[in-house]
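Please read the briefing below alongside the sequence and the model.

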Amino acid sequence: MIPAAFDYVRASSLAQVIDLLHDDPDGTKLVAGGHTLLPALKLRLASPALLIDIGSLTELKGIEISETSIKIGALTTHTELLASELLSKELPVFSQAASLIADPQVRNRGTIGGSLANADPAADWPAVVVALQAEIEIAGTNGLRRVAAKDFFVDIFSTVLEPNEILASIHIPQPKAGMRFIYRKIRHPASGFAVVGIAVGVRLQQGVVADISIGVTGAASHAFAGQQAADFLTGRTLSRQNIDQAAKLLSETTECLSDRYASAEYRANLIRIETTRALLALSS
Amino acid sequence: MNDTTAIRHIGQPLRRREDIKLLAGRGRYVDDVRLPGMLHMAVLRSPHAHAEIRSVDLSAAKVAPGVRLVLSGKALDGKIGPIVPNWIIPGSKVPFRPVVATDRVRFVGECVALVVAETLAQAYDAIGLINVDYAVLPAVTDEEIAISDSGPQLHDNVPGNITTIYKVRGGDYQKAAREADQVIGLRVVNNRLIPTCMETRAIVASPEPDGTLTVYIGSQVPHMHRRWIAETVGIPEHQLRVVAPDIGGGFGAKMHLYPEDLLCPYLARELDAPVKWWESRSESHQSTSHGRAHTENIEIAFKNDGTILGLKVATLGNVGAYLSNMASGGPTVNTINFGTGTYKIDNYEAISRVVVTNTVPVDAYRGYGRPEGAYIAERAIDAVARHLKLDQVQVRRRNFVQPAEFPYRPYGSMGVMYDSGNYQGLLDKALAAFDYDGRRSECEALRSSGIYRGVGVAAYTHMCGMAPSRRLAVSGFDRGGWESARVSIDSSGRATIYSGSMSQGQGHITSLSQIAADVLQIPIENIDIVQGDTRQVQAGHGTFNSRSMAVGGSSVHVSSQRIVAKAKKIAAGMLEVDEEDISYSAGAFSVPGTDIAPVTFSTVARMAYVGHKLPDGIAPGLDETVFYDPTGMGSPSGIHLAYVEVDAETGIVDILDYVAVDDVGTLINPLLAAGQIHGGVAQGIAQALYEEVSYDPDNGQLLTGSLLDYAVPRAEHVPNIRSLFQETPSPTNPIGVKGIGESGSIAAPPCMVHAVLDALSPFGITHLDMPLTPPRIWAAVQKARTGASQ
């Protein structure tokens, strides 16, 4: 269909975006890849008065790697994350997870910042950034602030972002040597989104779990960290028994979504199975 | 006589002649039609499944910018419509269907009002300004509830919501059931589908300066659309030109008469300007016909050795809110006539009820009724094998119709006759290609280690190219069974063929050229095919029911023969010999055994047009038109085999192998034939594993309103398909071809279901309804596990 009429500004600086957001936070929408917003506009489910195209803001683009951290600009596309050799060397999970997102056309347009800010409960990046213990950098009238990824997501399509703020970048602490990450996902056959997606990072020291983090998406109203299961495994070996117990714990402590396609029971089962399979893959 | 010089194209895997244009983005679709002064129509659709329309307030929309016309149903009442079906099974009660709803809406998506504006954006803006006051009524979406006492009534003239009752009977089922060792029953659901085309529906109607009207429409049946639009809008048929340009898929959905097909022509004449409408994807889901939507109750009587004695079927066909174009024929003639499949079941008793509900109208979708019929036969015979713990292949082999029994009338039917076939041959070829025994043992060996693999088998046969014309009257089908072709040779000897068939991606330009080239004995490059313009093509019925090669191809074949016959007469005059002495091959008329110099086809063509030396009684020109009405219908058949692995922990099905062996008679082009099988199997796998239209049973809201919810298969969902063929030529037409388009979508659903059930057999699971989604499979496994542990 055809969107309702709206004003359009192609932003030339982050400062300009923040000014415009300040003027009419509720009537303004930011567009980057547009893969969620444009269909909503066409169906007239969203009718903003002003659309700010942030696509040309170079300050929100690119991947920077330092000794201590990795910074990913909000406008970095899924394809860029898939193809970045530099990033793959540090954190191959980006390439691996990006390859599971939708299809090449979507990956060429869609951005990691858009995915996180939109907070679709079934999006892939939220689980990954939670497992990476990333911080989300947010720009607003009062400057920049950072929020831990596990605290960023609040509810279905809802984050700690205020209407006058913009997600600027993602900061990931350089993982300790030996830390390995994996993202596993069961795709919805129509949307390609995660029915359940599990991101796990593990560092083993003499066969014992020294560090572990778990991010879960698709299962509940928003992505979250599987803290209890991680705590349980810390200091333990990745024996089959321990893995099963941790997976069961994560599954049983999650309040799962139920919809026409998949019941809460099925999602709880997928959490258990996919967590088990992810940990088994990381145990060898 | 073996003529080594003869041109032979039939049987050659030629690449599609039309692809260069389509692949280079130079195809021309309805949406590419942009005319000066063209206006745009948008439609306001009902948000309710069932409601009274109390009032429609158009005032704000009428004064919106760019708006030229706003109408509700009342303003059109008596001017155009009603929409009447083209196939009405005798005895059917036909609901009144206005073009635009007047006082009541009966499904979410029904047209309530429309806007014509200067731009599409203005039309959509104005649609948002229309206010409709509805009084919501109870809605029913399920066919079983619709016919129960609690089902709300949709139409005053359709008591109990049943439009049609159709029965088929052969032998004595009750007697067979008494004599059987066992009788088992099963209830299967044939899931409702959306026939998803890459190109949604679109239409442009344009008044011409001479008072005629041109309608551009993505139509599988351009001449039928001309007749229907003419009759329903009130335009003399000869003043209406229907042009179907390139089409991005049809699958049955583009062969019906929709409200927009009538609104654009009417409004174009009212406003004296071209009017365009195109359908968005979400609009398509709630306004273009759906497919399938059956519930079948089956009873099968058999002996302990697996011999089937009798079959009893009760079908409920959910056809949505009104009887769409062919809707009363699908669940009836097209389904239960074919309920015995490839098996010799003499005692058969079937009844079909056609049921209206508050849902999108249901009509033809690739196979129309035959997938449902094959699903009945196949699920039944597989259930017998499973029940008796006999090999699924052996039980089929035991019950197959034998090669010597063709032509075969199942259960003594007057309406069904399978012209030819060799099911045993198909089966042998399929088993060998598939390594059936090897896979069976592999399944057994892996089960102990918790790997659940299964083999699925399905056989099918059906009938293609509904004909002959006189027989269609009996079933209430208001059209003929013929197809027309005009072969027009120009003065250089090149051919333009005007065919009443209508390609929607099948590759007719290539396949019809191959047929003509073999008869005309001229290079394929010298043949052009014209379809899809009622001002150029003399007449036709179009493309559906896998009829285009058997009927459309035969009409090209016969008219090409007439060209050669006439050319031979002209050549005889030129060579001053008897016509009988002339031999024609590779574009040359020669007189074997003499030193008379041959005369070429192009020279004869030239002579036909200059007319200088024509034999007495031969008129100038080389141009022949044929209306070919077949004497019977061809019956393709096939065996499909699938090998799957089911992850019992997630319910995910991995298709490891798929082998299709099909007998579609003479293969005109093996490459196109394999393509047809691939496409059909992909859609059949999708029905079995992924696709399902869902309605909210409480309020009739369509829950699969977009491709975010409705799972159309993608490359990752479809395995490599190994397509093999067996050629048993059909005796019903001069080419020996049977029809292929629907084969894959008929065979694949039962084949896939059987494979998954076979994989799940260690859990004791004997039945699942499509689509076999991972959550559904997992739930069944869980239930079986819980049951076993209790």
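Helix 11 of chain B and helix 20 of chain B cross in a right-handed sense (a crossing is left-handed if the near helix is turned anticlockwise from the far one by less than a right angle, and right-handed if clockwise). This is a predicted model, in which local features need pLDDT of at least 70 and side-chain atom pairs count only at pLDDT 80 or more, while totals for chains, interfaces and linings use all residues. Residues are numbered from 1 along each chain as its sequence is written, and chains are lettered from A and ligands numbered from 1 in the order in which they are written. Helices (H or I, at least four residues) and strands (E, at least two) are DSSP runs, numbered from the N terminus.

**Helix packing in chain B**

- Helix 11 (residues 370–388) of chain B packs against helix 20 (residues 743–759) of chain B at an angle of about 30 degrees, with the axes 8 Å apart; axes are lines fitted to C-alpha atoms, for helices over the stretch in contact, and angles run from 0 to 180 degrees between N-to-C directions.
- That angle makes helix 11 of chain B roughly parallel to helix 20 of chain B, given that angles under 35 degrees count as roughly parallel, over 145 as roughly antiparallel, 65 to 115 as roughly perpendicular and the rest as oblique.
- Helix 11 of chain B contributes R370(B), P371(B), A374(B), Y375(B), E378(B), R379(B) and D382(B) to this contact, and helix 20 of chain B contributes S745(B), I746(B), A747(B), P749(B), P750(B) and H754(B); two residues are in contact if their C-beta atoms, placed from the backbone, lie within 7 Å.
- The contact of helix 11 with helix 20 of chain B has seven nonpolar, two polar and four charged residues, where Ala, Val, Leu, Ile, Met, Phe, Trp, Tyr, Cys and Pro count as nonpolar, Asp, Glu, Lys and Arg as charged, and the others, Gly among them, as polar.
- Helix 11 of chain B also packs with helix 12 (residues 392–399) of chain B, at about 120 degrees and with the axes 9 Å apart, and these two helices are therefore oblique to each other.
- Here I381(B), D382(B), V384(B) and A385(B) of helix 11 of chain B meet Q392(B), V395(B), R396(B) and N399(B) of helix 12 of chain B.

**A sheet in chain B**

- An open sheet of mixed pairing is formed by four strands of chain B in the order 16-24-25-26; two strands pair if DSSP finds at least two bridges between them.
- Strand 16 (452–461) and strand 26 (722–725) of chain B are at the edges, each with a single partner strand, so one side of each has no neighbour in the sheet.
- Strand 25 (residues 653–663) of chain B pairs with strand 26 of chain B in the parallel sense over four bridges, and V661(B) stands opposite L724(B) of strand 26 of chain B.
- Helix 13 (residues 423–434) of chain B packs on the sheet, touching strand 16, strand 24 (637–646), strand 25 and strand 26 of chain B.

- Between the chains, 16 residues of chain A are in contact with 19 residues of chain B, and the largest share of the chain A side, four residues, comes from helix 12 (residues 264–283) of chain A.
- Within chain A, 24 residues of domain 2 are in contact with 26 residues of domain 3.
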